[in-house]
Amino acid sequence: MTLEELYQEIGGNYHDIQERLRKEERIQKFVLLFLKDNSYQDFIQAMENGNTEEAFRAIHTLKGACMNLSFDALYQVSSEITEAIWYGKRT
């Protein structure tokens, strides 16, 4: 599977990331680093422990990584979760 096919499969914007990083090797490097990121696991663990501060921090980190990599669909979902936690804490 090519990087462009991966981006299509996950609802990402390959054109956007290609304009930003310019080289496919760079894109691949950061996509592979994303696979090692523990933000999602940290989010799940924090939610299971009822720790909304840590859950917010983890999902916000994931949201930023998705935005930087143009993983648009995952960015949208993580953004919605971030807002739900943020506004849930404030009420």
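Modeller: Axes are lines fitted to C-alpha atoms, for helices over the stretch in contact, and angles run from 0 to 180 degrees between N-to-C directions. This is a predicted model, in which local features need pLDDT of at least 70 and side-chain atom pairs pLDDT 80 or more, while totals for chains, interfaces and linings use all residues. Residues are numbered from 1 along each chain as its sequence is written, and side-chain values use heavy atoms, without hydrogens or water.

Biologist: What makes α3 roughly antiparallel to α5?

Modeller: The axes of α3 (residues 24-35) and α5 (residues 52-69) cross at roughly 160° and come within 11 Å. Angles over 145 degrees count as roughly antiparallel, under 35 as roughly parallel, 65 to 115 as roughly perpendicular and the rest as oblique. Therefore α3 is roughly antiparallel to α5.

Biologist: Which residues of α3 and α5 make the contact?

Modeller: F30, V31 and F34 of α3 meet L62, A65, C66 and L69 of α5; contact means heavy atoms within 4.5 Å.

Biologist: How many residues in that contact of α3 with α5 are nonpolar, polar or charged?

Modeller: Seven are nonpolar, with no polar and no charged residues. Ala, Val, Leu, Ile, Met, Phe, Trp, Tyr, Cys and Pro count as nonpolar.

Biologist: How many helices and strands has the protein chain?

Modeller: Six helices and zero strands, where helices are DSSP runs of H or I with at least four residues, and strands are E runs of at least two.

Biologist: What share of the protein chain is buried?

Modeller: Buried residues, those under 20% relative accessible area with a 1.4 Å probe, make up 29% of the 91 residues.

Note on methods: Buried < 20%, exposed > 50% of the residue type's maximum accessible area, 1.4 Å probe, protein only.
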